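Hi,

Here is the model I promised to send over.

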Amino acid sequence: MISKDVFMEAVCEVCPATCWGKKSHCQVHDKHVGKIDSCPEWDKYMRDQEAKGQQKTVSARKEGFVRMSEQVPIVDFLQKAEEEIRDYNYMQIEIVRIQRFLREAGEGMVSQYGLDAGLPKGKGTTGDRTHAEVARRERKWKRLQSLQDKIERINKAVETIPGEQERLVVEALLDGDKNNLIAKEIGVSRQRYYEIKRSAVMKMAWAMYGDQVQQTG
């Protein structure tokens with residue numbers, strides 16, 4: 001599901017009914033764009049992307065993206081980066097859980113099946129159970145590696161953000177804080193917060209996936 005921030009970036013900012021800028025007030029809904037829950041233009045945007053089989057491309061406006069072609073599917077990478085930032089705290093917890101499982105499973109296999117558990121056995125015997133357990137451990141290892149790679153990619157990207165406010169916003173998002181709480185903590189309006197967040201996520205996306213974006217351009 002595409003987030004509200006992406007709709008605001010791709011649809012509302014260029015919509016003639018939106019007084020984008022200091023107030024970002026939608027004349028159709030008669031409210032701030034950040035308070036809009038749904039919009040026919042958002043639905044149309046989603047249908048267009050499904051019909052094309054890819055996310056709509058948007059113009060590169062922010063620092064870090066100005067060098068990219070306007071035909072690059074920026075929305076895809078923004079969405080991917082935003083999702084990984086949102087899941088950062090969960091991924092850390094999941095890494096610890098998988099590591100504990102692998103440690104306990106390794107000890108359990110030796111104690112339950114013995115050192116010769118890996119030797120060939122008849123069908124339906126200990127050998128089959130051991131094989132299934134090894135396959136399960138292999139899946140866990142691959143998921144662990146994938147999560148660790150994502151965590152490392154995010155950590156490196158954070159270090160590339162020069163602005164203090166943008167860095168604070170990203171750090172708070174990684175900690176799992178809510179948008180309204182972050183805006184209050186850094187002492188800015190909701191609209192200003194979303195502007196800072198949008199800029200920060202763009203820079204994170206560029207740092208995390210810039211190489212891939214250029215290859216698709």
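Let me start with a term: a salt bridge here is a side-chain nitrogen of Lys or Arg within 4 Å of a carboxyl oxygen of Asp or Glu. Before the details, some ground rules: this is a predicted model, where local features need pLDDT of at least 70 and side-chain atom pairs count only at pLDDT 80 or more, while totals for chains, interfaces and linings use all residues. Residues are numbered from 1 along each chain as its sequence is written, and side-chain values use heavy atoms, with hydrogens and water left out.

**Salt bridges**

By that rule the count comes to eight salt bridges. Arg192 pairs with Glu195, their closest N and O atoms being 3.3 Å apart. The two are three residues apart in helix H8, which means about one helical turn separates them. (Helices, H or I with at least four residues, and strands, E with at least two, are DSSP runs numbered from the N terminus.) For exposure I use relative accessible area: buried is under 20%, exposed is over 50%, and partly exposed is in between, with a 1.4 Å probe and protein chains only. Arg192 is partly exposed at 39%, and Glu195 is partly exposed too, at 23%. Elsewhere, salt bridges that share partners join Glu94, Arg97 and Arg143 into one network.

Glu152 and Lys156 both lie in H5, four residues apart, about one turn of the helix, and their closest N and O atoms are 3.2 Å apart in a salt bridge. Glu152 is partly exposed at 41%, whereas Lys156 is exposed at 53%. An α-helix has 3.6 residues a turn, so residues three or four places apart point the same way.

Which salt bridge ties together parts that are 69 residues apart in sequence? That is Glu84 with Arg153, with 3.3 Å between the closest N and O atoms. Glu84 lies in helix H3 and Arg153 in helix H5, so the pair spans that separation. Glu84 counts as buried at 6% relative accessibility, while Arg153 is partly exposed at 26%.

**Overall layout**

The protein has eight helices and three strands, in the order α-β-β-β-α-α-α-α-α-α-α along the sequence. Buried residues make up 41% of its 217 residues. Taking contact to mean heavy atoms within 4.5 Å, 63% of the contacts between residues at least 6 apart in sequence join residues at least 24 apart.

One example to click on is Gln99, which is found in helix H4 and is partly exposed at 35%. Gln99 touches Leu144 and Gln148, leaving aside residues up to four places away in sequence. The C-alpha atoms of Gln99 and Leu144 are separated by 7.7 Å, although the two are 45 residues apart along the chain.

**The core**

A nonpolar core is a set of buried Ala, Val, Leu, Ile, Met, Phe, Trp, Tyr and Cys residues joined through side-chain atoms within 4.5 Å. The largest one has 37 residues, and Ile154, Val169, Val170, Leu174, Tyr193, Met204 and Met208 touch the most other members. Two or more residues each come from H3, H4 (88-113), H5 (126-158), H6 (164-174), H7 (179-186) and H8. H8 gives the largest share, ten residues.

Val170 touches Val158, Ile161, Ala200 and Met204, again not counting residues up to four places away in sequence. In H6, the buried residues are Glu166, Val169, Val170, Ala172, Leu173 and Leu174. Just after H6, Gly176 takes a positive phi of about 90°.

**Rings**

Rings of Phe, Tyr and Trp (its six-membered ring) pair if their centres lie within 6.5 Å; planes under 30 degrees apart count as stacked, over 60 as edge-to-face and the rest as tilted. There are two aromatic pairs. One of them is Phe77 with Tyr209: the ring centres are 6.1 Å apart and the planes are at 45°, so the pair is tilted. This pair links distant parts of the chain, with Phe77 in H3 (residues 74-86) and Tyr209 in H8 (residues 190-216), 132 residues apart. Phe77 is buried at 10% relative accessible area, and Tyr209 is buried at 1%.

Happy browsing!
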